[in-house]
Structure formats: structure tokens, C-alpha cells
Amino acid sequence: MSLKDSVRYELVTGEPTTVDDTTITPETRVLSVRWPNGGWVWNRPVAVVVEQEGQIERLPIVDVTRVAQISLYGFSLFIALLTLIASLGLRRKR
Amino acid sequence: MKDDAALFIKESTSNWKESTGLIDKLFAVAKPGAIFGEPVSDNGHTVITASEVHVGMGVGYGSGGAEGFSPPGAEEKEVEEESEETEEKPASTGYGSGYGGGGGGGGFSAGRPVAAIIIEPEGVRVEPIVDVTKLGLAFVTVLGSIFFMGSRMAKAGKRR
């Protein structure tokens, strides 16, 4: 099993769903890792392509929870770095 | 004993095939159909949920076997010599033989709704779904780490 076969990161388009005069085509981003005795799959939605009255529009799906989580952890990391720099400055002064 | 070994190998092969089939099923999650729910209509509005899914799995197994046991001694050498001459498998001169095997596996799956796609007569909109519990936990973790950093800084300042 080659690395290309075992690790995949791709945009997958699903089957279109039609509701009245609207057709929705889902798009997902898949990260999958496969090894001989197991595997791991992470699948998340990225957008829906909406076809209505002859017009095609791509609506992105934003994961608000993930964005907020990353922002919070990023802020925490920034504070940690700031503290580290400040403590190094204190040691030099001594 | 040979019958037991054959049965053991047969059962092991079927278990191996079953576990491989289970891993193949795991990769069905990689399809968009597993992420987007069925449309639910009410009062002219249709809602389709979109979720994020994590699935992982691993299996492992091992087996061993033996067909005869000769206690260490003078007879062993003789048997080896004989086998070299005749190029035949030495007959069991001792006692006990058998096969054994074992296996195990584990897995996890997690899903979280990310957004709802709402189809209305006015058009289509994507409404994000916020996981308050997850955000709350992240907020508490960040607060804790900031408090920890602050207290360390305060201690370092006092030492001066």
C-alpha cells in the first residue's frame, strides 16, 4: 500500500438533492488515513452548490465552533509566548 | 492435531476477512451522503443538516503453533542427523503440541452538527450551528492557562 493510497485529502462532491425547483449538491472535504489493520476518516462539509431558476450559486459552510475554538487557543498561545518573553526579559535584568 | 490446525487456520481466515470488511465499511463515512442528512420539509421550508464526522478503527491479531515437542537430550541430536539424511520431517518424540491465537480491536466515532441548510421560498441560506459546550470547555481551558501564566509571572516578579 503506497502513501498515496493510504493517505487521501480530497474534495468530494455528493449526489444532488432536488427540493421543489431547487437542486442542492453537497461538497465535503475528506481526510482519510488507512493502514493494513485499520484506518481513520475525518469528513466535514465545506459547501453546497445551489441551482435555482437556472442560476448556480456556491454557498460555503463555515464551521463557527471550529473558528472560535482555534481563535481561543491561538489567543492562549499568544499569551503564553508573551509570558515566556517577559520572563526571559526578567531573567536577563537579574 | 492436523485437523485442529486446519480448523484454527480456517477460523482465523474468516475473522481476518470479517475485520477487513469492517474496515471497508468504515471508509463509507468518507462519502458526502454520510455528512448531509435527509431533507426534512415543513410549512414550505426544507432543512438539511450538515455534520462533521470522525471515525477511527484498528484491529490486531496474532497466532502461533507447534506440532511436537522433544525434550532436550541426546535423542534430539540423533533425530536431527536422521532428518538431514532422509530430508524428512522428524516424527514427534515427545509430548504436547497445539495452536493458539488471539486478537482484539477498538474504534471510535464522533459526529457534530456544523450547519443547517434551509431552503425557503425566498431562497437558500446556510445557518451555522454553534456547539456551546465545546466552546465553553475551550474558554475554561484558555482562562485556566492564562491564570497559570499570570501566577507564574507574579511569582517571578516577587523573587526579584
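What percentage of the 160 residues of chain B count as buried? The share is 10%, where a buried residue has 20 or more other C-beta atoms within 10 Å of its own, an exposed one has 12 or fewer, and a partly exposed one lies in between, with C-beta atoms placed from the backbone. This is a predicted model, in which local features need pLDDT of at least 70 and side-chain atom pairs count only at pLDDT 80 or more, while totals for chains, interfaces and linings use all residues. Residues are numbered from 1 along each chain as its sequence is written, and chains are lettered from A and ligands numbered from 1 in the order in which they are written.

**View 1. Chain A has two helices and five strands.** Helices (H or I, at least four residues) and strands (E, at least two) are DSSP runs, numbered from the N terminus. Of its 94 residues, 15% are buried. Two residues are in contact if their C-beta atoms, placed from the backbone, lie within 7 Å. Among contacts in chain A between residues at least 6 apart in sequence, 23% link residues at least 24 apart.

**View 2. Chain B has three helices and four strands.** Starting at the N terminus, the elements read α-β-β-α-β-β-α. For chain B, 68% of the contacts with a separation of 6 or more are between residues 24 or more positions apart.

**View 3. Here is where chain A meets chain B.** In this view, 43 residues of chain A are in contact with 45 residues of chain B. On the chain A side, β1 (7-13), β2 (17-19), β3, β4 and α2 (64-93) each supply at least two residues. Helix α2(A) gives the most, with 14 residues. The chain A side divides into 23 nonpolar, 16 polar and four charged residues. For this count, Ala, Val, Leu, Ile, Met, Phe, Trp, Tyr, Cys and Pro are nonpolar, Asp, Glu, Lys and Arg are charged, and the others, Gly among them, are polar.

**View 4. Strand β4(A) pairs with β2(B).** Two strands pair if DSSP finds at least two bridges between them. These two run antiparallel and are joined by six bridges. Look for Trp40(A), whose bridge partner is Gly56(B), and for Val41(A), which is partnered by Val55(B).

**View 5. Strand β2(B) also pairs within chain B.** With β1 (residues 40-42) of chain B, β2(B) forms three antiparallel bridges, and Ser41(B) stands opposite Thr46(B). The two strands make a hairpin with two residues between them. In the turn, Asn43(B) has a positive phi of about 55 degrees. With β3(B), β2(B) pairs in the antiparallel sense over 21 bridges; there Gly62(B) stands opposite Gly102(B).

**View 6. The largest nonpolar core has 21 residues.** A nonpolar core is a set of buried Ala, Val, Leu, Ile, Met, Phe, Trp, Tyr and Cys residues joined through C-beta atoms within 7 Å. Those with the most contacts inside this core are Val41(A), Leu26(B), Val29(B), Ala50(B), Val55(B) and Ile117(B). Two or more residues each come from β3 (22-35) and β4 (38-52) of chain A, and from α1 (2-26), β2 (45-66) and β3 (98-120) of chain B. The largest share, five residues, belongs to β2(B). Leaving aside residues up to four places away in sequence, Val55(B) touches Val41(A), Leu26(B), Val29(B) and Ser109(B).
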